[in-house]
Amino acid sequence: MQEQQPATTNGDPAQEAPPRRRQLLIREVNEQIRRIGDRRDGDGFLVVLCECGSPECTDRLTIRTEAYEAVRSAPARFIVKEGHSSMGDHVVGSRDGYVMIQKSGAGARSAAEHDPRR
Ligand SMILES: [Zn+2]
């Protein structure tokens, strides 16, 4: 199955397909939550948004800060609520109601291209 996506979007998330675009934007929001958590010197947990990218999904999940950091260290990885992974997502780990997924193909490329930690 071949995805019809341009090879590059010049780093602009607005050029991505809508579910992927949403996923990338939610990741940006979670990075802000992470930064706020840092300043508050919290309890070691973050409440972040599910990164599945579905337009209907407004779920939140609680994740340990170090687990969040582990996901963010790989640009093609995302955190989604259990049962929210899509076809083609490779599940790399799961814990307490959330799963870590790894994108492949065009999804992995655009995720790396828009890596907020780059
Ligand atoms: Zn979701």
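I looked up helix 3, residues 105–113, and found Gly107, Ser110 and Ala111 buried. I then asked why they lie on the same side of helix 3. They cover an arc of only 105 degrees around the axis, and that puts them on the same side. I note that the model is a predicted one.

I listed three helices and five strands. Read from the N terminus, their order is α-β-β-α-β-β-β-α. The chain has 118 residues, and buried ones make up 25% of them. Of the contacts with a separation of 6 or more, 44% are between residues 24 or more positions apart.

I turned to strand 5, residues 98–102. Four of its five residues are buried, so strand 5 is largely enclosed by the rest of the structure. I checked what strand 5 pairs with. Strand 3, residues 77–81, pairs with strand 5 in the antiparallel sense over five bridges; here Ile79 has Met100 as its bridge partner. Strand 4 also runs antiparallel to strand 5, and five bridges join them. In this pairing I noted Val91, whose bridge partner in strand 5 is Ile101.

Last, I looked at the loop between strand 4 and strand 5, where Asp96 is found. The hairpin has two residues between the strands. Is Asp96 buried or exposed? I counted it as exposed, because it has 10 C-beta neighbours inside 10 Å, and the cut-off for exposed is 12 or fewer. Its phi is positive, near 40 degrees, although Asp96 is not a glycine. Most residues other than glycine have a negative phi.

Definitions and conventions
Residues are numbered from 1 along each chain as its sequence is written. This is a predicted model: local features need pLDDT of at least 70, side-chain atom pairs count only at pLDDT 80 or more; totals for chains, interfaces and linings use all residues. A residue is buried if 20 or more other C-beta atoms lie within 10 Å of its own, exposed if 12 or fewer, and partly exposed in between; C-beta atoms are placed from the backbone. The arc is that of the directions from the helix axis to the C-beta atoms. Two residues are in contact if their C-beta atoms, placed from the backbone, lie within 7 Å. Two strands pair if DSSP finds at least two bridges between them.
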